[in-house]
Amino acid sequence: MCLAVPMQVMTIEEGTAICEVDGVKREASLMMVEDVAVGDFVLIHAGFAIEKLDEEEALETLRLFRQLLDKGMIPE
Amino acid sequence: MKYSAEFRDPVLARGLLEAIAETVAGYRGRMTLMEVCGTHTMAIYQHGIRALLPEAIRLISGPGCPVCVTPVGYVDHAIALARRPGTIIATFGDMVRVPGSSSSLLREKALGADVRIVYSPLDALTLAENNRQQTVVFLGVGFETTAPTVAGSILEARRRKLDNYLVLTAHKTMPTPMAALASDPELQVDGYLCPAHVSAVIGADAYLPLAEKHRVPCVVTGFEPLDVLQGVLMLSRQTVAGEARVENQYRRYVKPDGNPRARAILEEVFSPCDARWRGIGEIAGSGLEIREAFASFDAACQLSVTIEEPVEHGGCLCGEILKGKVTPKECPLFRTLCTPEDPVGACMVSSEGTCAAEYKYGC
């Protein structure tokens with residue numbers, strides 16, 4: 001039930017955003033998040049944006065994964 | 001899908017699996033890691049993660065499915081409200097098939113009750129706006145991810161001056177049952193994969209008392225396969241080193257203090273209360289009730305109905321399964337009397353229940 005879907009903000013009007021993922025569009029309230037702009041990625045749960053993506057942290061986590069590979073931890 | 005597909009890369013998954021194998025190589029015995037989130041349960045089954053992990057790691061599911069932990073008495077209350085003339089029940093889909101003591105909302109719907117499935121509490125609000133002659137009761141079930149959205153709908157109902165929108169709440173809060181299970185002498189949990197989106201609201205720091213007082217390592221973990229594998233890697237490193245710290249694997253969405261704005265909305269409308277968990281029993285301070293200032297939106301206060309005496313179904317091991325003590329296959333009803341088409345226990349009803357996941361993906 002706590003599933004939330006990362007979606008991209010397409011438009012914002014009066015505290016409500018239209019968000020999109022894989023061609024699916026959905027209205028979401030921005031009541032719970034601050035400083036959200038068009039183009040941002042947000043987590044959508046039950047019609048509300050509950051958090052904004054921190055892109056730097058996302059890239060940092062991916063960098064750490066790749067570092068494991070670079071250490072020769074797998075044969076490829 | 002940006003920042004989703006990247007976290008499913010099989011080459012990177014192999015790298016993480018190698019690192020996990022290396023970490024536990026010299027570990028004596030088996031470590032038990034518990035996830036307490038239905039979405040983790042599904043992700044672990046869906047991606048076949050158990051089969052990929054070394055023998056030394058046992059992954060179990062805890063009480064992380066809100067529908068599954070909702071006591072039968074609540075379902076009976078919702079059924080009694082559904083039978084009330086002029087009432088529309090609005091609910092997330094999973095709740096309609098949960099068996100009550102003698103019926104279910106789906107059965108009541110077949111008998112003529114007005115039960116609507118909605119995606120958002122805001123959709124229930126629209127329903128109330130479009131049906132001013134009737135009373136809409138939204139079933140508020142869920143943890144801290146969902147509770148602020150329901151609180152938000154109550155604030156919005158007040159703003160729009162809607163007097164026919166009510167909520168029947170069975171909301172529960174997360175870190176408390178984890179502490180209760182950590183003190184259960186029959187259950188040895190070596191580490192917690194902490195729920196991702198609950199933590200987006202409550203923050204990673206909410207687990208500090210669990211790590212400090214109960215000495216259980218906690219890692220806030222995302223839902224993509226690479227997230228789960230990294231969460232397992234972080235927990236196994238702590239377990240091997242004999243540490244108990246809170247770490248945050250899901251930093252791209254979870255901050256140490258979570259989302260204060262969502263919590264402020266939750267706290268404006270709800271206050272903590274004691275709550276009954278199916279299978280676990282009463283846990284002090286683990287539920288949310290509607291504050292007196294918002295009592296006009298509380299279905300339990302506003303509508304008086306006769307609720308039947310709750311009867312749990314005999315033979316169903318949901319309670320033990322929710323504590324991670326028993327696996328679905330050990331339940332005599334699993335796949336025989338209890339199936340997704342004709343469920344006996346809530347764990348088989350909810351799409352993210354452990355039994356439903358085992359039925360769909362287990363072998």
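## Dimensions of chain A

In this predicted model, chain A has a radius of gyration of 16 Å, whereas a compact globule of 76 residues would have one near 11 Å. Along the principal axes, the C-alpha atoms of chain A occupy a box of roughly 50 × 25 × 20 Å.

Five strands and one helix form the secondary structure of chain A.

Of the 76 residues in chain A, 38% are buried. When contacts between residues at least 6 apart in the sequence of chain A are considered, 27% of them link residues at least 24 apart.

## Interface between chains A and B

The two chains touch through 33 residues of chain A and 46 residues of chain B. On the chain B side, the elements that supply two or more residues are helix 1 (10-24), helix 2 (38-46), helix 4 (66-69), helix 7 (121-130), helix 8 (147-159), helix 10 (196-202) and helix 13 (260-269). Helix 1 of chain B makes the greatest contribution to this side, giving seven residues.

By class, the side of chain B that touches chain A comprises 24 nonpolar residues, twelve polar residues and ten charged residues. The counts given here describe the interface by residues in contact; the size of an interface is often expressed instead as the accessible area lost when the parts come together.

Technical notes: Residues numbered from 1 in each chain as written. Chains lettered and ligands numbered in written order. Predicted model: local features only at pLDDT ≥ 70, side-chain atom pairs only at ≥ 80, totals over all residues. Helix = DSSP H or I, 4+ residues; strand = E, 2+ residues; numbered from the N terminus. Rg over C-alpha atoms; globule rule 2.2 N^0.38 Å. Buried ≥ 20, exposed ≤ 12 C-beta atoms within 10 Å, placed from the backbone. Contact = placed C-beta atoms within 7 Å. Nonpolar A, V, L, I, M, F, W, Y, C, P; charged D, E, K, R; others polar.
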